[in-house]
Amino acid sequence: MSTIDKDGNIVSLIQSNYAGYGTGMVAPGAGFSFHNRGSGFDMEPGKPNSLAGHKRPLHTIIPAFMHKGDISIGFGIMGGWNQSQAHAQFVANVVDFNMNVQMALESARFTKGTFDGCDVSMETRIAEAVRQELARRGHIITPLGGFAGAVGNGEAVMRDAKRGVNFAGSDPRTDGAAIPEQPVLPPLTAQR
């Protein structure tokens with residue numbers, strides 16, 4: 001979720017209970033379940049992700065902000081290991097390709113599910129010629145649907161402080177929505 005108020009205050013929130021909807025344990029009387037992100041620790045001592053005090057397990061929760069001049073953007077794209085990849089593609093779409101936040105979310109994406117190898121999954125909206133050229137160069141391309149959940153889904157808000165205008169975008173890969181804050185209208189008075 002990304003949200004912005006009339007004054008330009010931005011919140012980017014990515015909530016996750018992790019694998020299997022978390023631990024399955026619910027806080028008595030509170031109505032929420034606990035996450036199980038601790039399962040991401042390595043139980044063998046001496047490794048970068050070993051269980052130890054004052055450490056956090058490796059995770060992919062990345063609520064994000066970007067700011068330059070009068071423009072501030074809050075965004076987040078969920079999707080496990082794909083998050084950082086989708087975030088980089090979103091930032092490139094805004095910064096390098098001058099897209100608005102809706103276009104940047106809608107744009108075709110790719111993902112790499114492994115650290116090794118040349119395998120890449122790509123939405124079929126990426127031009128066939130591009131996919132063929134990457135395959136010619138040794139990449140193993142797995143085509144995904146036009147709007148595939150495997151490349152994540154996100155929401156974004158933007159504030160143009162110079163104009164005092166807020167914008168929002170919602171990824172069509174999920175059931176989110178960009179909903180504007182309703183203007184405050186003066187009360188109606190009875191006409192006689």
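Me: How many helices and strands does the protein have?
Reply: There are three helices and nine strands, taken as DSSP runs numbered from the N terminus, with at least four residues (H or I) for a helix and at least two (E) for a strand. This is a predicted model, where local features need pLDDT of at least 70, side-chain atom pairs count only at pLDDT 80 or more, and totals for chains, interfaces and linings use all residues. Residues are numbered from 1 along each chain as its sequence is written, and side-chain values use heavy atoms, with hydrogens and water left out.

Me: What order do the elements run in?
Reply: From the N terminus on, β-β-β-β-α-α-β-β-α-β-β-β. The radius of gyration is 21 Å, well over the 16 Å from the globule rule for 192 residues, so the protein is more spread out than a compact globule. That radius is taken over C-alpha atoms, and the rule is 2.2 Å times the number of residues to the power 0.38.

Me: And what does the C-alpha trace span?
Reply: About 75 × 55 × 30 Å along the principal axes.

Me: What share of the residues is buried?
Reply: Buried residues are 33% of the 192. Buried means under 20% relative accessible area, exposed over 50%, and partly exposed in between, with a 1.4 Å probe and protein chains only.

Me: Switching to backbone angles, what is phi of H54?
Reply: Near 65 degrees, a positive value in a residue other than glycine. H54 sits in the loop between β2 (10-12) and β3 (64-68).

Me: Is H54 buried or exposed?
Reply: Exposed, at a relative accessible area of 90%.

Me: Where is N98?
Reply: N98 is in the loop between α1 (82-95) and α2 (101-106). Its phi is positive, about 55 degrees, although N98 is not a glycine. N98 is exposed, with a relative accessible area of 70%.
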